[in-house]
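Please examine the sequence and the model displayed here, and then follow the explanation step by step.

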Amino acid sequence: MKEKYLVIKDNLEKIKRLDPNFEAFGSSRWNYRLDKISESELTLFEKKNEIDLPSEFREFISELGFGAGPVYGVNPHTLLSLEKWEIEEEDDDEDYEEFKPLYDGYVVIAEYGCGIESVIIVDGDNKGEVWHYVDYSLHKLNDSYCDWYLRWTENLIKILEHGEHIGLLSGRI
């Protein structure tokens, strides 16, 4: 297992000890637990949606797991049940929050609420990069999923160790 994966696993264990009551925003939803997604599930997901996930992201979620944060995170089972769909201007469906879409070009990897998300680019020149999506605009957060996720765990540990208010962490990753 990659050294960064071991650091992330250790960080999640430390976070669990520092936040046993799941007070960090969204944490009660995923309890600092990563769920591995099998190679066969990933292959089926890619085939069904005619995409190739970035190799680092694919490796991370099959070896370490997916679903624990940041913020609301994304349920691994919801991720696997996604099918491509286009956003229509008149689509104001409340089910949006419950069933995350796979947009052309990126996959949602963290839900902040109010339409704010972190996404991983799945094709083109920026494939594998993590971007922040808000108000129909994107800005780059990190070159890789693993580095982005590691930074989130490190920042959350700092916040928890310093006893800062942990209710709203979306702006700190």
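In which strand does S118 lie? The model is a predicted one, and in it S118 belongs to strand β3. Buried residues are those under 20% relative accessible area. S118 has a relative accessible area of 0%, so it counts as buried. Its side chain forms a polar contact, at 2.6 Å, with the side chain of Y112.

The next step is to consider the neighbouring strand. Strand β3 covers residues 116-121 and pairs with β2 in the antiparallel sense, through six bridges. Within this pairing, V108 has V119 of β3 as its bridge partner. The two strands form a hairpin with two residues between them, and C114, in the turn, has a positive phi of about 55°. Strand β2 comprises residues 106-113; eight of its eight residues are buried, so the rest of the structure largely encloses this strand.

The largest nonpolar core contains 36 residues, and F60, Y145 and Y149 have the most contacts inside it. At least two residues of this core are supplied by each of α1 (3-18), α3 (39-49), α4 (55-63), β2 and α6 (145-161). The largest share, nine residues, is that of α6.

Leaving aside residues up to four places away in sequence, Y145 touches E56, F57, F60, F66, I109, I120, G128 and V130.

Terms used:
Residues are numbered from 1 along each chain as its sequence is written. This is a predicted model: local features need pLDDT of at least 70, side-chain atom pairs count only at pLDDT 80 or more; totals for chains, interfaces and linings use all residues. Side-chain values use heavy atoms; hydrogens and water are left out. Buried means under 20% relative accessible area, exposed over 50%, partly exposed in between (1.4 Å probe, protein chains only). Helices (H or I, at least four residues) and strands (E, at least two) are DSSP runs, numbered from the N terminus. Two strands pair if DSSP finds at least two bridges between them. A nonpolar core is a set of buried Ala, Val, Leu, Ile, Met, Phe, Trp, Tyr and Cys residues joined through side-chain atoms within 4.5 Å. Contact means heavy atoms within 4.5 Å. A polar contact is a pair of N or O atoms within 3.5 Å; within protein, one must be able to donate a hydrogen and the other to accept it, and residues adjacent in sequence count only if both atoms are side-chain atoms.
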